[in-house]
Amino acid sequence: MIDIHCHIIPGVDDGSDSSDTSLMMAAMAADDGVDAIIATPHFMHGGEDSEDRFNNLKSHAAALQNMISTRGMPLKIYCGSEVLLTPDTVNMFSYNGFFPRMNGTDYSLVEFFFDSEPDIMKSHLKVLIENGVVPVIAHPERYTSVAKKKKIVFDWLDMGCFLQVNKGSFQGQFGRPAQKTAVWLMENRLPSFLATDAHNIAERSTRLSGIINHLSELYGDDYLSLLTDENPKRLLKGEPILKF
């Protein structure tokens, strides 16, 4: 299994608060059968220093990998980020063509304000695509506009975007609307990824197997394998993402 959305780097956002917590998150993931994690700390706002800030995150990811390897854990850490799409962040291209991506590929994990309007969301995504970025939209089930009008996601898919659902949404962690929307997305086989969006070792942990076993009973082993193994491998290599 590969987790493509995880806030495991210590002290850089609202995820892990210390190296000890990060190591416990890593151990929990490894024990659960996770082979690799893409570290995706929040990335907000643009500016001329954006690339420097992202390079700093890569240094933090490398330091975490060193700590994990030193302790003999069979877990690989890759660097990405979760980019909040605002006018500032989409304008990063105007400085030096930079935009945070996942493991040096064209893929980028992106999110919106939860109450963003559909037209604004689509406009931001269009700028990314025109500049060669392939958006992987984090937790679409949590956006108010999608919960109200689920078919909005078809516009994103038609543009060439991909969807990543959170394991916690199926467990009701983000409310009933998000849970219902996540189920609808899965019933229609629209997500390409399932991830933890882990922030800690408690209610938002790095464990994946439990929810995979549950969802496999509903949607089939082949689909869940695609979401948590095959497509994440393809993303890391910059290869085309498969649809079910």
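Is Arg189 buried, exposed or partly exposed? Arg189 is partly exposed, at a relative accessible area of 28%, where buried means under 20%, exposed over 50% and partly exposed in between (1.4 Å probe, protein chains only). The model is predicted: local features need pLDDT of at least 70, side-chain atom pairs count only at pLDDT 80 or more, and totals for chains, interfaces and linings use all residues. Residues are numbered from 1 along each chain as its sequence is written, and side-chain values use heavy atoms, with hydrogens and water left out.

**Helix packing**

- Two packed helices are described by the angle between their axes and the distance between the axes.
- Helix H1 (residues 19-31) packs against helix H2 (residues 50-70) at an angle of about 60°, and their axes are 11 Å apart. Axes are lines fitted to C-alpha atoms, for helices over the stretch in contact, and angles run from 0 to 180 degrees between N-to-C directions. Helices (H or I, at least four residues) and strands (E, at least two) are DSSP runs, numbered from the N terminus.
- H1 is therefore oblique to H2; angles under 35 degrees count as roughly parallel, over 145 as roughly antiparallel, 65 to 115 as roughly perpendicular and the rest as oblique.
- The crossing of H1 past H2 is right-handed, that is, the near helix is turned clockwise from the far one by less than a right angle.
- On the H1 side, Ser19, Ser22, Leu23 and Ala26 meet Leu64, Met67 and Ile68 of H2, contact being heavy atoms within 4.5 Å. By class, this contact of H1 with H2 has five nonpolar, two polar and no charged residues. Ala, Val, Leu, Ile, Met, Phe, Trp, Tyr, Cys and Pro count as nonpolar, Asp, Glu, Lys and Arg as charged, and the others, Gly among them, as polar.
- Helix H5 (residues 118-130) and helix H7 (residues 152-159) have axes 11 Å apart and an angle of about 10°, so H5 is roughly parallel to H7.
- Pro118, Met121, Lys122, Leu125, Lys126 and Ile129 of H5 make the contact with Ile152, Asp155, Trp156 and Met159 of H7. The contact of H5 with H7 has seven nonpolar, no polar and three charged residues.

**Cysteines**

- The disulfide count is zero, a disulfide being a pair of cysteine sulfur atoms within 2.5 Å.
- For Cys79, the closest cysteine sulfur is in Cys6, 12 Å away, which is too far for a bond.
- Cys79 is buried, at 11% relative accessibility, and Cys161 is buried at 1%.

**Residues with positive phi**

- Most residues other than glycine have a negative phi.
- Asn103 has a positive phi near 55°. Asn103 is in the loop between helix H4 (93-96) and strand S6 (107-111) and is partly exposed, with a relative accessible area of 31%.
- Arg189 likewise has a positive phi, near 55°, and is placed in the loop between helix H9 (176-187) and strand S9 (193-195).

**Two individual sites**

- Glu48 is in the loop between strand S3 (42-43) and H2, and counts as exposed at 66% relative accessibility. Glu48 and Phe98 are 50 residues apart along the chain, and their C-alpha atoms are separated by 9.4 Å.
- His60 lies in helix H2 and is partly exposed at 32% relative accessibility. Leaving aside its neighbours within four places in sequence, His60 contacts Ile9 and Val12. The C-alpha atoms of His60 and Lys237, 177 residues apart along the chain, are separated by 21 Å.
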